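Please open the structure in your viewer and keep the selection panel at hand.

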Amino acid sequence: MTRVYVSKDMAAIALGADAVAQALSDAGAQVVRTGSRGLFRLEPLVEVETPEGRVGFGPVAAADAALVLDGSHPARLGDVSAMSFFARQQRFTFAHCGVIDPLSLDDYEAHGGWRGLTAARALPPQAAIDAVKASGLRGRGGAGFPTGIKWQTVHDASAPLKYVVCNADEGDSGTFADRLLMEGDPFCLIEGMAIAGHAVGAERGYIYIRSEYPFAIRTMREAIARAAAIVAPFMLEVRVGAGAYVCGEETALLDSIEGKRGEVRAKPPLPAIAGLFGRPTVINNVLSLAAVPFILSEGADAYAAIGFGRSRGTVPVQLAGNVRNGGLFEVGFGMTLGELVMDIGGGTDSGRPVKAVQVGGPLGAYFPPSMFDLPFDYEAFAAAGGLIGHAGITVFDDSVDMAHMARFAMEFCAHESCGKCTPCRIGSTRGVELIDRLITGERRGADAVERLPQMRNVAGGARPAEQEIELLRDLCDTMKFGSLCALGGLTPYPVLSALDHFPQDFGAGAPISSAAAE
Amino acid sequence: MPLLHALQEEFGYIDDLMVPAIASALNISRADVHGVVTFYHDFRRQPAGRHRVQLCRAEACQARGAAAIERLASERLDLRMGETSADGRVTLDAVYCLGLCATGPNAMIDDVPVSRLDPTTLDRLLGDLR
Ligand SMILES: Cc1cc2nc3c(=O)[nH]c(=O)nc-3n(C[C@H](O)[C@H](O)[C@H](O)COP(=O)(O)O)c2cc1C
Ligand code: SF4
């Protein structure tokens with residue numbers, strides 16, 4: 001019987017993979033469901049096992065089952081891992097994703113699974129932490145804080161109970177690497193968390209997954225049950241979010257696990273000192289934790305050997321939006337933005353010129369193609385007024401209206417604000433109104449206070465566009481410095497970068513081209 | 001939260017009448033429960049339609065034409081985002097990112113994810129909802 005591999009990743013299913021798998025199994029093939037390789041243009045992708053190795057076909061429709069099995073399907077790709085999109089990657093974290101059956105312990109072990117955990121457990125906790133420090137691993141959730149130092153703090157705190165929490169809230173648009181990993185290689189995350197538990201002395205862990213990811217929730221729960229005996233005495237539990245972006249912020253996330261409203265806590269105390277239920281807590285992104293098994297099994301030097309400047313190791317870049325080769329591209333830091341978008345990504349999917357790319361999710365800056373020589377590195381992006389965030393790159397073609405995108409950033413902030421601080425809660429709504437006025441060219445009238453007889457030296461209501469823009473910059477400044485967390489604090493990034501790099505879209509009375517419509 | 005998720009799964013929404021019972025079961029105040037229910041976008045206080053259509057509205061889908069799909073769905077169902085049809089057939093909701101960002105516009109219809117929505121597919125899928 002022929003063995004074939006079909007992804008059961010949510011993205012592949014959204015493109016029809018279930019029907020394809022059914023058709024293949026009806027045609028007599030033995031179907032193994034894997035995670036996704038991460039190049040969505042090829043999904044549904046089918047790989048057929050042959051004596052020469054796996055032969056890929058994609059995209060495939062359910063009606064094509066027979067052609068795939070006899071090898072005559074026109075979308076024959078040959079060895080998928082030899083395609084340039086994959087051959088150019090350095091897959092440390094995602095080595096098994098799309099290759100193995102995500103829930104098979106045998107597969108995981110056969111591909112080198114648990115070696116990191118075994119190595120870690122043979123070491124005293126401090127030595128495991130030293131390895132993570134030496135690897136140079138920095139948090140992949142957004143802030144880029146060195147993971148080893150965070151672990152050290154939790155290790156050094158003395159408390160009867162400690163926790164390891166995995167942040168799988170992945171709320172940023174344009175990112176999906178956490179989801180891909182949880183669906184495609186859940187044991188890797190479990191292994192990383194168990195290593196963290198050993199290193200800091202924690203016996204309980206939580207994985208907080210957003211409710212928008214039902215497939216990842218199911219896969220993780222099943223994987224936890226299957227691996228329970230291996231990671232014991234470390235115990236894991238999945239907690240499900242409820243559609244609040246701000247719960248990705250670490251302290252809001254902890255409140256949410258505790259069953260409260262996900263409001264941001266003021267720091268200090270750091271979660272590493274007083275986190276979940278007031279105990280010392282390691283909180284890391286999925287990708288930070290999933291990078292750890294490699295570091296322990298292959299050695300910190302192997303990880304630190306690649307990278308750029310102070311950004312060591314690999315970064316799972318996610319190419320999204322209007323891009324031809326959308327998907328996951330894991331590579332050492334330092335590739336330029338242009339290489340990623342044009343060479344790897346293949347430019348826009350619509351075939352029109354690229355106008356802007358947003359890096360790092362809804363709080364990341366927009367960059368024009370003139371800045372494509374920027375190397376992918378935490379420091380370089382910060383210097384250019386942006387951030388890497390969770391390493392998602394969303395590509396837009398020339399039909400996008402940047403004033404509209406700036407408005408969306410403010411609207412999103414208003415929608416998701418936890419409400420704790422005024423610049424974010426109120427400022428974002430005022431920001432939407434301001435940008436609306438810029439877009440429509442409408443002038444505001446004097447308000448009730450301005451009409452009072454006492455207000456003699458007030459200019460009245462109407463402001464020319466230049467003054468409105470100045471006010472918008474002022475508002476951004478207030479939000480940036482007056483907000484408790486990065487939601488309010490970073491919303492100015494997309495707004496200001498749109499304003500700086502695409503001023504023509506904010507021209508007085510510029511017509512709003514229906515953004516992103518075809 | 002796990003309790004609220006379970007209740008919503010069972011009844012489709014969290015009735016205000018349930019709040020006192022939840023509060024006493026967890027030994028917290030009614031205000032606390034109310035605060036949690038209203039904070040999270042997922043929890044609803046009114047029954048939803050028999051079918052739930054969630055359209056992604058985040059940046060990556062916008063870059064692939066989500067705005068046009070949203071307008072079309074709104075027109076076909078005669079609902080605005082967040083509304084439920086009078087006959088209780090369908091609820092139209094916005095979602096901010098389903099993590100399928102390279103193949104938008106995306107939607108989740110009941111529990112089935114759908115990518116690369118175009119007007120024809122959308123019409124067919126909406127027509128299938130009874
Ligand atoms: C509004 C907001 C949303 C965030 N969303 C996420 C998220 O979805 N996933 C994540 O890992 N970190 C997110 N973060 C960053 C976390 O606060 C925190 O930095 C991260 O979990 C630390 O893990 P790391 O050191 O492994 O990156 C968010 C931060 C803010 C302010
Ligand atoms: S900036 Fe916004 S989301 Fe963050 S704490 Fe303040 S109100 Fe809450």
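This is a predicted model: local features need pLDDT of at least 70, side-chain atom pairs count only at pLDDT 80 or more; totals for chains, interfaces and linings use all residues.

Residues are numbered from 1 along each chain as its sequence is written, chains are lettered from A and ligands numbered from 1 in the order in which they are written, and side-chain values use heavy atoms, with hydrogens and water left out.

**Chain B**

Select chain B, which has six helices and four strands; helices (H or I, at least four residues) and strands (E, at least two) are DSSP runs, numbered from the N terminus. Followed along the sequence, the pattern of chain B is α-α-α-β-α-α-β-β-β-α, and its C-alpha atoms fill a box of roughly 50 × 30 × 20 Å along the principal axes.

**Two helices in chain B**

Now select residues 19-26 and 30-39 of chain B, which are helices H2 and H3, packed at an angle of about 115° with their axes 8 Å apart. Axes here are lines fitted to C-alpha atoms, for helices over the stretch in contact, and angles run from 0 to 180 degrees between N-to-C directions. That angle makes H2(B) roughly perpendicular to H3(B), a word used for 65 to 115 degrees, whereas under 35 is roughly parallel, over 145 roughly antiparallel and the rest oblique. To see where they meet, show Val19(B), Pro20(B), Ile22(B) and Ala23(B) in H2(B) together with Arg30(B), Val33(B) and His34(B) in H3(B).

**Two helices in chain A**

Move to residues 177-184 and 286-298 of chain A, helices H9 and H13, which pack at an angle of about 50° with their axes 9 Å apart. This makes H9(A) oblique to H13(A). On the H9(A) side, show Ala177(A), Asp178(A), Leu181(A) and Met182(A), which meet Val286(A), Leu287(A) and Ala290(A) in H13(A).

**The cores**

Which residues touch the most other members of the largest nonpolar core? Among them are Trp151(A), Met182(A) and Leu189(A), in a core of 84 residues; such a core is a set of buried Ala, Val, Leu, Ile, Met, Phe, Trp, Tyr and Cys residues joined through side-chain atoms within 4.5 Å, and buried means under 20% relative accessible area (1.4 Å probe, protein chains only). Helix H10 (residues 186-200) of chain A gives the largest share of this core, ten residues. Finally, select another core, lying apart from it, of 66 residues, including Tyr208(A) and Phe43(B).

Note on methods:
Buried means under 20% relative accessible area, exposed over 50%, partly exposed in between (1.4 Å probe, protein chains only). Contact means heavy atoms within 4.5 Å.
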